[in-house]
Amino acid sequence: MSELTVHSWAERALPEMTADLRRLVELETPSDDTTLLRAGIAEIERWLTERLGEPGERRLHDGGKYGDALEVAYPGTAPGTVLVLCHYDTVWPEGTLTDWPFTVDGDRASGPGAFDMKLGLVQAVWALRCLAELGLPRPTMRLLLNGDEEIGSPVARPIIERLSEDTLATLVCEASADGALKTVRKGVGLFDVTVTGVESHAGLDPDAGASAVHELARLVGRIAELGDRERGTTVNVGLVHGGTGRNVVAGHATCGIDVRVSEPAEMARIDAAFAELRTSDARANVTVEGEWNRPPMVRNARSDELFGIAERIAADAGWELGQVSVGGASDGNFVAALGRPVLDGLGAVGGGAHARHEHVLLSHVPGRTALIAGLLMALGDMSA
């Protein structure tokens, strides 16, 4: 059957997909609330069973103080396995729905987590349902639902790295960039630089002190200069805290830093620069804590081939599919860093991630669902 047949099926299913989006958005699942996350993934698993039946395999990975990761596999009718990554946690705290409920206004649906990324999950599930109902060949789909993506995937990362090893490809249903797929992403490092000084009275005995605030102020300029736009590296000192009073020579000061890199080599350069930070006053000392949240997603030949398949599927359906490089990171970064084929940004068309104007455009849902279905079929054909 043609891509048009799949698209037509998805168009007819749009009201049900919209209802499913409402159902998932109305599950509040903030990354830092394990009680809500556990309730949310339990309800999502019930929904999965309603839409796709019982999975052939099922494993719930205990997240401990973070959200659990649910791994389910639905057997295919063609050889091979495709890994599909989605996350169900959001940045929105409990109670957000009270003054920002799920709403549909014409083509625009809005609600906390709709764009990032609950619609992507809906589209992935309905793509598989479409293939099953139309009797079209498909590989086994292994779906991983991650409950700690928004905080760096400390639980899900090793699971993703293991599951992506023996797959035809990894499809990431994060939101698109105005419809374009995300084939390059920056790596992210989150660091804290802390200076410990010596407190004293700022008026009575200023020379007895060694100001942590003054030392940190000197260091912040050096830290900011580590950015290199030509290499795609940005360094942002976004938080600064220090001191106990304006009449006290500060004994403690710290800053929070966000680093984004396009090239893996830049991670080593930044690490070395942080290790060399020194105070000008020997009585004060500096420490650096933190880590690389995600490596950069760089293009490789296998991922380029995968984008080419997606591009042809879209062209056959009569629309042009673009690709972009973005500064944000996703779980796809882990897969790309291992040199494995990955395609990201297959989810919603809309905007406003992490903002109160977060929204999705419903008219694009059938096409995006058909695109995922088409990729599953094509990957199954390649493995046959």
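Modeller: Please note that this is a predicted model. The protein carries 35 positive and 56 negative side chains, and the centres of these two sets are 1 Å apart.

Colleague: How many helices and strands does the protein have?
Modeller: There are 11 helices and 18 strands.

Colleague: Why does the radius of gyration agree with a compact globule?
Modeller: A compact globule of 384 residues would have a radius near 21 Å, and the protein has 24 Å, so the two agree. Along the principal axes, the C-alpha atoms fill a box of roughly 85 × 45 × 35 Å.

Colleague: What share of the residues counts as buried?
Modeller: Of the 384 residues, 55% count as buried. The protein exposes about 16,200 Å², and carbon and sulfur atoms supply 50% of that area.

Colleague: And the contacts?
Modeller: Among contacts with a separation of 6 or more, 81% are between residues 24 or more positions apart.

Colleague: Changing topic, how many aromatic pairs are found?
Modeller: A search of the whole structure finds four. One of them is formed by Trp 9 and Trp 126, whose ring centres are 5.9 Å apart with 45° between the planes, a tilted arrangement.

Colleague: Where in the chain do Trp 9 and Trp 126 lie?
Modeller: Trp 9 belongs to helix H1 (residues 3-12) and Trp 126 to helix H5 (residues 114-134). The pair links distant parts of the chain, 117 residues apart.

Colleague: Are Trp 9 and Trp 126 buried or exposed?
Modeller: Both Trp 9 and Trp 126 are buried.

Colleague: Which residues do ring pairs link into a cluster?
Modeller: Phe 191, Phe 274 and Trp 292 are joined in this way.

Conventions: Residues are numbered from 1 along each chain as its sequence is written. This is a predicted model: local features need pLDDT of at least 70, side-chain atom pairs count only at pLDDT 80 or more; totals for chains, interfaces and linings use all residues. Side-chain values use heavy atoms; hydrogens and water are left out. Rings of Phe, Tyr and Trp (its six-membered ring) pair if their centres lie within 6.5 Å; planes under 30 degrees apart count as stacked, over 60 as edge-to-face and the rest as tilted. Helices (H or I, at least four residues) and strands (E, at least two) are DSSP runs, numbered from the N terminus. Buried means under 20% relative accessible area, exposed over 50%, partly exposed in between (1.4 Å probe, protein chains only). The radius of gyration is taken over C-alpha atoms; the globule rule is 2.2 Å times the number of residues to the power 0.38. Contact means heavy atoms within 4.5 Å. Accessible areas come from the Shrake-Rupley method with a 1.4 Å probe; for residues, only the protein chains shown count as cover. Lys and Arg count as positive and Asp and Glu as negative; His and the chain ends are not counted. The place of a charge is taken as NZ of Lys, CZ of Arg, CG of Asp or CD of Glu.
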